[in-house]
Amino acid sequence: MDLQEFRAGLDAWLAGHEPELRAESGPGAGLDEEMRHLSKVKRMAYDAGWMRWGWPERVGGFGGTTLMRAYLGEALAARDLIEPGIYSMTEVLAPTMIEYARPELAAETVPRLLRGDETWCQGFSEPGTGSNLGSLACRARRDGGVWRVTGQKVWTSLAQYAHRCVLLTRTGTPESGSRGITAMLADMDAPGITVRPIRAMHGRDEFCEVFFDDVRVPVDRTLGEVDGGWGVAMDLLPYERSTSLWHRGAYLRQRLGHLLATAPDGAFDPAELGEAVQAAFAFHARSRETQHRMARGERLGPETSVDKVLLATTEQAVYDLVAGAVPADIALGDGADGDRWRTEFLYSRAATIYGGSAEIQRDIIARRLLGLEGGR
Ligand SMILES: Cc1cc2nc3c(=O)[nH]c(=O)nc-3n(C[C@H](O)[C@H](O)[C@H](O)COP(=O)(O)OP(=O)(O)OC[C@H]3O[C@@H](n4cnc5c(N)ncnc54)[C@H](O)[C@@H]3O)c2cc1C
């Protein structure tokens, strides 16, 4: 199937199944309900074949261009059938598994993620480690055929729902920095793992603290080389800033369209409206190029930091516009859409933090793309 046939077939399928794919309880029903609904959408899309296109056959896919995956998430977000933050975790984690896991492990686990039978999480950040990821301390010690993991992760999105975790651990000495890190796939029901959800300011327990107390992870769950986890992480982060952002961009355009259609007359400052629209189009143009580079098989790298800066700028410009247009909805959360605008406005503040903060992205752009070395 080529991309054109895929798009036409998917659009027709979505039109025929939209009532079933729409969340019964509507947007803003809470994270438990959203996760249940997401699994249903992924299962339906997988069983109908759409979720399998764009993924390699060795992990249950049908092959084809990665642009199919970009279009599927875009089409679902544009129809308001998914929330891209939770949908696109697959785009962040599955490519890494395909590249770095044993082929049998990837073949066994990735189809379950694609079909929505499993949720996975990303265990990178720690209480003392965010932007300075190379200093992480969660320790893994080799003991025969297992790694024994002890330490803590934090801000781990969806960990309370997750069956597996793509985990970064310290296997070298504490001073080994980025050279002593090993990546592995841990089962979240392994003895010794404790998950404590954290309530964020938008009222959702979207992320968690995760504690590891002598947790055993089989050595054949190692991703990439022992002490080579830094390379795994550096390859994963550009994925976090490519197709998943494309999906988020589609969602933001849909929400902007909804705002323009429903806000009272004269609700917008024309300059702010112009800025939000311009930011959305700038991101769209940039991310489109990234999707095509990925489809051509080019390796994504630090240039995806530009996509992340543009996406975060768009997200905050759109919700600043919302705040100006429907201020009572934001302040009180009881507008026609319930508290959805308020929840989304508050969450938009995180756009300059998750996936690497805006300052760190600009630092990467300055040093690695523009060659402005500065002090480091
Ligand atoms: C909604 C959300 C979901 C997340 N989900 C996950 C997840 O699933 N898994 C996961 O592992 N992590 C996750 N994170 C964590 C995220 O990756 C980190 O918050 C982020 O990398 C920043 O790290 P930090 O919070 O430790 O802040 P810090 O690194 O302590 O930074 C604090 C401030 O200092 C600035 N700063 C730091 N160093 C520099 C520097 N060298 N130059 C200039 N400024 C600097 C930063 O830009 C920031 O403004 C999530 C975060 C959010 C908000």
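So, to start: which backbone oxygen does the side chain of S176 reach? That would be the backbone oxygen of T173, and the distance is 2.6 Å. Before I go on, please keep in mind that this is a predicted model.

Let me stay with S176 for a moment. You'll find S176 in the loop that runs between β4 (164–170) and β5 (181–187). The side chain of S176 also has a polar contact with the side chain of R170, at 2.9 Å. And is S176 buried or exposed? Its relative accessibility is 11%, and the cut-off for buried is under 20%, so S176 counts as buried.

Okay, on to the ligand. There are 16 residues around the ligand, and the closest of them are S125, S131, W155, S357 and E359. With S125, a backbone N or O atom sits 2.7 Å from an oxygen atom of the ligand. With W155, a polar backbone atom is 2.9 Å from a nitrogen atom of the ligand. With E359, the side chain does the work: one of its N or O atoms is 2.7 Å from an oxygen atom of the ligand. As for cover, on its own the ligand has 970 Å² of accessible area, and the protein covers 66% of that.

Where does that shell come from? Of the elements, β3 gives the most, with 3 residues. If you think in domains, the shell takes at least three residues from domain 2 (121–227) and at least three from domain 3 (241–369). And by class, you're looking at 7 nonpolar, 7 polar and 2 charged residues around the ligand.

UniProt, in an unreviewed entry, lists residues 273–370 as "domain: Acyl-CoA dehydrogenase/oxidase C-terminal". In the model that span is 73% helix and 0% strand, and its end C-alpha atoms are 31 Å apart.

Look for A336 in the loop between α11 (327–332) and α12 (340–348). Here the relative accessibility is 86%, and exposed means over 50%, so A336 counts as exposed. How far is A336 from T262, C-alpha to C-alpha? In space the two are 9.6 Å apart, although 74 residues separate them in sequence.

That's my tour; happy to take questions.

Conventions. Residues numbered from 1 in each chain as written. Predicted model: local features only at pLDDT ≥ 70, side-chain atom pairs only at ≥ 80, totals over all residues. Heavy atoms only, no water. Near = heavy atom within 4 Å. Polar contact = N/O pair within 3.5 Å; in protein donor to acceptor, adjacent residues only side chain to side chain. Areas by Shrake-Rupley, 256 points an atom, 1.4 Å probe, with all protein chains shown as cover. Helix = DSSP H or I, 4+ residues; strand = E, 2+ residues; numbered from the N terminus. Nonpolar A, V, L, I, M, F, W, Y, C, P; charged D, E, K, R; others polar. Domains from an automatic or database assignment. Buried < 20%, exposed > 50% of the residue type's maximum accessible area, 1.4 Å probe, protein only. UniProt positions renumbered as here; feature names shortened; annotations may be inferred.
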